[in-house]
Amino acid sequence: FSLNSFFTMQGPVLQQQPFNTPEEKPQFPGASADFVERLEFIQPNVISGIPIYRVMDRQGQILNPAEDPKIPREEVLNFYQKMTLLNTMDRILYESQRQGRISFYMTNYGEEGTHMGSAAALEPTDLVFGQYREAGVLMYRGFPLDLFMAQCYANADDLGKGRQMPVHYGCKDLNFVTISSPLATQLPQAAGAAYALKRENNNRAVICYFGEGAASEGDAHAGFNFAATLECPIIFFCRNNGYAISTPTSEQYRGDGIAARGPGYGIMSIRVDGNDVFAVYNATREARRRAVAENQPFLIEAMTYRIGHHSTSDDSSAYRSVDEVNYWDKQDHPISRLRHYMVSRGWWDEDQERAWRKQSRQHVMEAFERAERRLKPSPDNLFSDVYDENPPLLKKQEQDLFQHIRQYKEHYPLDLYEK
Ligand SMILES: Cc1ncc(C[n+]2csc(CCOP(=O)(O)OP(=O)(O)O)c2C)c(N)n1
Ligand SMILES: [Mg+2]
């Protein structure tokens with residue numbers, strides 16, 4: 001079981017011997033191995049750890065020129081601007097929740113490299129299934145600030161008609177499936193979607209994001225195994241950010257992370273430095289190319305760190321040290337790494353940084369103010385879109401609700417809602 005086999009091996013294809021063979025060969029239909037006469041358990045860590053692929057060091061220097069994706073200046077600036085814009089949007093919306101203006105929020109701090117690197121490596125027609133901490137992927141695809149804000153404010157412009165908690169974005173036009181919080185439900189759904197795309201044979205792939213915590217759910221197993229056995233063009237993209245709310249990875253699993261599980265399913269797998277946007281880009285691009293060309297799933301485990309609290313319902317100082325968080329914030333951050341790279345090429349300087357920070361903050365603030373002023377969706381939306389024709393019970397509830405609102409109208413600011 002060599003290290004190389006992790007990256008080069010096809011899923012092991014089971015081959016049965018002809019039934020008339022005279023040799024003492026195993027005939028079991030479920031394995032392709034030989035007999036041995038020595039009792040030996042397989043060590044779980046046959047190798048000292050799956051290595052972490054990277055392109056840049058922490059100072060933004062390209063390590064091996066052959067691995068440099070040579071992304072043009074414009075596009076690198078685009079990565080950087082989207083990563084920092086996401087950061088700014090997170091800061092404003094996090095604060096707005098603290099001030100009681102929205103009900104909930106989740107930041108993406110520290111994971112911006114995994115978002116932009118993977119999103120840039122896909123085709124716009126590829127279908128995205130997210131978990132909830134991949135706002136940057138949607139931003140890269142062109143989802144405007146106004147629609148992010150509309151969703152978080154549940155205003156009348158929200159594509160989800162104000163029916164979901166904040167950060168549960170979805171956009172049909174951008175091939176981004178609506179987020180749902182029950183962990184790992186997206187994995188079997190994504191495998192099924194990839195199977196459908198394969199049958200349509202139209203050169204599309206699925207990418208399915210999930211946290212290392214979600215990978216412990218039973219649905220993750222179902223998703224991996226369906227994708228492998230049905231030979232689906234899908235990229236399983238795990239963001240291993242060290243925590244599932246307060247549970248550190250050291251208490252989540254005993255194996256070598258998530259990438260180590262891939263070979264068990266016969267899935268081509270790799271571990272990358274998620275704070276190196278070029279490494280994420282290279283891995284996703286190659287996985288995407290091969291997933292479609294060969295109809296097979298890929299697993300990418302991107303190592304990163306969740307710098308923010310899990311959500312606005314969490315205070316992470318209860319379970320991790322300030323020093324730990326500071327290390328990732330100050331010394332191994334995907335944004336500063338990319339900035340080092342840009343500065344060393346002469347593509348970016350202090351003045352540009354200052355001007356961009358100011359301009360992006362202004363864009364975010366303007367969108368924020370527009371979203372806050374906008375009317376809420378009509379309460380009629382509470383009763384539509386589930387049934388073709390509403391059943392009697394629902395019709396009765398609708399009448400009761402509006403009767404109640406008319407009767408106690410001083411308590412219901414209907415002028416803030418669309419008619
Ligand atoms: C089935 C299910 N169980 C529990 C939860 C509560 N929950 C929400 S997020 C979360 C942690 C997930 O961690 P991970 O997958 O690593 O993603 P991260 O938040 O680190 O990005 C938990 C336990 C849930 N949403 N769904
Ligand atoms: Mg996690």
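The legends below describe close-up views of a predicted model.

**View 1. Residues surrounding ligand 1.** In this predicted model, ligand 1 is surrounded by 17 residues. The closest are Y132, R133, A214, N241 and Y243. Sorted by class, the shell around ligand 1 consists of seven nonpolar, six polar and four charged residues.

**View 2. Polar contacts of ligand 1.** An oxygen atom of ligand 1 lies 2.6 Å from a polar side-chain atom of Y132. In the side chain of R239, an N or O atom is 2.9 Å from an oxygen atom of ligand 1. The backbone also takes part: a polar backbone atom of S181 is 3.1 Å from a nitrogen atom of ligand 1. Ligand 1 taken alone exposes 590 Å², of which the protein buries 73%.

**View 3. The annotated domain, residues 81-379.** An unreviewed UniProt entry places the feature "domain: Dehydrogenase E1 component" at these residues.

View 4. Helix α9 comprises 18 residues, 277-294. From its first C-alpha to its last, α9 reaches 25 Å, close to the 26 Å expected at 1.5 Å a residue. The helix is mostly covered, with 13 of its 18 residues buried. Just after α9, N295 adopts a positive phi of about 50°.

Notes: Residues numbered from 1 in each chain as written. Chains lettered and ligands numbered in written order. Predicted model: local features only at pLDDT ≥ 70, side-chain atom pairs only at ≥ 80, totals over all residues. Heavy atoms only, no water. Near = heavy atom within 4 Å. Polar contact = N/O pair within 3.5 Å; in protein donor to acceptor, adjacent residues only side chain to side chain. Areas by Shrake-Rupley, 256 points an atom, 1.4 Å probe, with all protein chains shown as cover. Nonpolar A, V, L, I, M, F, W, Y, C, P; charged D, E, K, R; others polar. UniProt positions renumbered as here; feature names shortened; annotations may be inferred. Helix = DSSP H or I, 4+ residues; strand = E, 2+ residues; numbered from the N terminus. Expected span 1.5 Å × (residues − 1). Buried < 20%, exposed > 50% of the residue type's maximum accessible area, 1.4 Å probe, protein only.
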